[in-house]
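Q: Could we go through this model together? I would like to start with how its parts meet.

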Amino acid sequence: MTKTILAFYHLAPLGLDALEKEFRVIKLWQEQDPEETIQRYRDSAVGIICWPNTPPISRRVIEALPNLEIISQFGVGYDNIDIEAARQREVVVCNTPDLVTNDTADTALGLMLMVARRFVEADAYIRVGKWEVGGSPKGFLGHRLYGKTVGIVGLGRIGAAISKRAEAFGCTIKYTGRSPKDAPYEFVQNIKELAQQSDFLVLSCSATPKTIGVVNLEVMEALGPQGYLVNISRGSVVNEEDLLIALRNKSIAGAGLDVFEKEPYVPEAMKTMDNVVLLPHIGTATYETRAEMAKLVIENIRLWFQRGETLTRVV
Ligand code: NDP
């Protein structure tokens, strides 16, 4: 039987050509009825390619494919995959750590600058012709990064890369997480205390059952009306309804968001607010990084079927 890979994602800019030489690759986004297609290939499907914004790889999907051997995730976070179900079925799960770190950290710094210095608002001011008619803008006063305290939630690979960058901007770094790290920054016991002590609260933790909704109104009120929230981790870490309240009431100064609770849905109210910068989950979206990620996704699958090995295995 031809080994089939069910691809939920196209792996741009590299594409799936390299895999198509060795496997039958089913491009599910091109299918009229992906559910029916999955059923059609259920016996030959040995691999899945997915990423955080494709339909969840649930227990139902995993259990529906009796010969599934590997799930190769395009991304470092894997909260879209039912890891426990994979473990029970002895299905290998791989992700793409490390090579996403720098771009995602850049995105966090970009969001900090865009929201605190109001760059997006200022850009729009020119585009709608207000500068020409209104003369020199009196507004657009923002807050500088220099001298500010940046509180990192989750000093992992990306959190550490954000810290280095923020240090270079003249910021003081503090952090929280499950345990203190061997890092030259102050560890703060919990997220509310960290928010109280921070001008920027930057979320770079993994999305797990323990981090769901941990950034709630109480935390945002602790961050305060001069504080900015930046989220490049996962939307689920923030209680989005509370965030809307905090933005509306100016309980925080603003937010820079690359991720949302129910992507691609973004609350309508958020789109009309000046004090929030919205990005469509583009933390890793550079040609270089996306090509490297795609290569690793493919390499993990090939190595698994050639030698029973992988480069970056989660379970
Ligand atoms: P790491 O595993 O290196 O870091 C994750 C961090 O989260 C660790 O510091 C860990 O702390 C912390 N953490 C885990 N559980 C908790 C908890 N309950 N409370 C507080 N902190 C916790 O992963 P990366 O840095 O490589 O990636 C981090 C996340 O960023 C990914 O999981 C993904 O969701 C997101 N991401 C988003 C991207 C985007 O495009 N916006 C791109 C890439 C990643 P400890 O070390 O103590 O366990």
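Q: How many residue pairs are in polar contact between domain 1 and domain 2?
A: Three residue pairs, both partners at pLDDT 80 or more, are in polar contact between domain 1 and domain 2. A polar contact is a pair of N or O atoms within 3.5 Å; within protein, one must be able to donate a hydrogen and the other to accept it, and residues adjacent in sequence count only if both atoms are side-chain atoms. This is a predicted model: local features need pLDDT of at least 70, side-chain atom pairs count only at pLDDT 80 or more, and totals for chains, interfaces and linings use all residues. Residues are numbered from 1 along each chain as its sequence is written, and side-chain values use heavy atoms, leaving out hydrogens and water.

Q: Where are the two domains?
A: Domain 1 covers 4-97 + 288-307 and domain 2 covers 101-278, with bounds from an automatic or database domain assignment.

Q: Which residues form a salt bridge?
A: Asp79 pairs with Arg234, their closest N and O atoms being 2.9 Å apart. A salt bridge requires a side-chain nitrogen of Lys or Arg within 4 Å of a carboxyl oxygen of Asp or Glu.

Q: Changing topic, how many disulfides are there?
A: A search of the whole structure finds zero, a disulfide being a pair of cysteine sulfur atoms within 2.5 Å. For Cys94, the nearest cysteine sulfur is that of Cys50, 10 Å away.

Q: And is Cys94 buried or exposed?
A: Cys94 is buried, at 0% relative accessible area (buried means under 20%, exposed over 50%, partly exposed in between; 1.4 Å probe, protein chains only).
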